[in-house]
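Open the model in your viewer and keep the sequence beside it. This tour tells you what to select at each stop.

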Amino acid sequence: MLPAVLVTAALLLSADRATAQEVDLAPLDVKEVARGYRDEALKLKPIANEKSQVLGKISDFIFSKDGSNIFVVLAVDDFSGPGSHLIAIPFRSIKLDDSSGYLVLPGASAATLDKLPVFAYNR
């Protein structure tokens, strides 16, 4: 029985080493990373259009499974009734550095955002 246990243990250990992989990480400029935006800081700023009409705020960020896209989930204010609803837009659609202090969604209005499908989390 002991030889069978030893052989099994040896096979498991060699299989574990065979599946181990090294991660190839590219060095980053940490100063450049530090000049970026934290998600919580972006969530605190209102989203407006270029006319400074506030449209809503960032509720969440969603990353595509392949990592190629980032989406922003916006809580859009519904001024015609109670509450708000969620929509999803590509992150690249938002202008971050605007002199108004808002995050800007160029060309957007409450009417155009209301035409977008309501976003619901896939639970």
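**Before you start**

This is a predicted model: local features need pLDDT of at least 70, side-chain atom pairs count only at pLDDT 80 or more, and totals for chains, interfaces and linings use all residues. Residues are numbered from 1 along each chain as its sequence is written, and side-chain values use heavy atoms, with hydrogens and water left out.

**Stop 1: the whole chain**

Follow the sequence and the pattern reads α-α-α-β-β-β-β-β-α.

Switch to a surface. The protein chain exposes about 9400 Å², by the Shrake-Rupley method with a 1.4 Å probe. Carbon and sulfur atoms supply 59% of that area. Of the 123 residues, 20% count as buried. Buried means under 20% relative accessible area, exposed over 50%, and partly exposed in between (1.4 Å probe, protein chains only).

**Stop 2: the sheet**

Now colour the strands. In what order do the five strands of the open sheet lie? The order is β4-β3-β2-β1-β5, with mixed pairing. Two strands pair if DSSP finds at least two bridges between them. Select 84–90 and 103–104: these are the edge strands β4 and β5, and each pairs on one side only.

**Stop 3: across the strands**

- Select β1 (residues 46–48) and β2 (residues 54–63). They pair in the antiparallel sense over three bridges. Isoleucine 47 stands opposite glycine 56 in β2. Five residues lie between the strands of this hairpin, where serine 52 takes a positive phi near 65 degrees.
- Seven bridges join β2 to β3, and the two run antiparallel. Phenylalanine 61 has valine 72 in β3 as its bridge partner. Their hairpin has six residues between the strands, and glycine 67 in the turn has a positive phi of about 80 degrees.
- Strand β3 (residues 70–77) pairs with β4 in the antiparallel sense over seven bridges. The bridge partner of phenylalanine 71 is proline 90 in β4.

**Stop 4: the rings**

The structure holds two aromatic pairs. For one of them, select phenylalanine 119 and tyrosine 121: the ring centres are 4.9 Å apart and the planes stand at 80 degrees, so the pair is edge-to-face. Rings of Phe, Tyr and Trp (its six-membered ring) pair if their centres lie within 6.5 Å; planes under 30 degrees apart count as stacked, over 60 as edge-to-face and the rest as tilted. Phenylalanine 119 is partly exposed, at 23% relative accessible area. Tyrosine 121 is partly exposed too, at 30%.

Note on methods. Helices (H or I, at least four residues) and strands (E, at least two) are DSSP runs, numbered from the N terminus.
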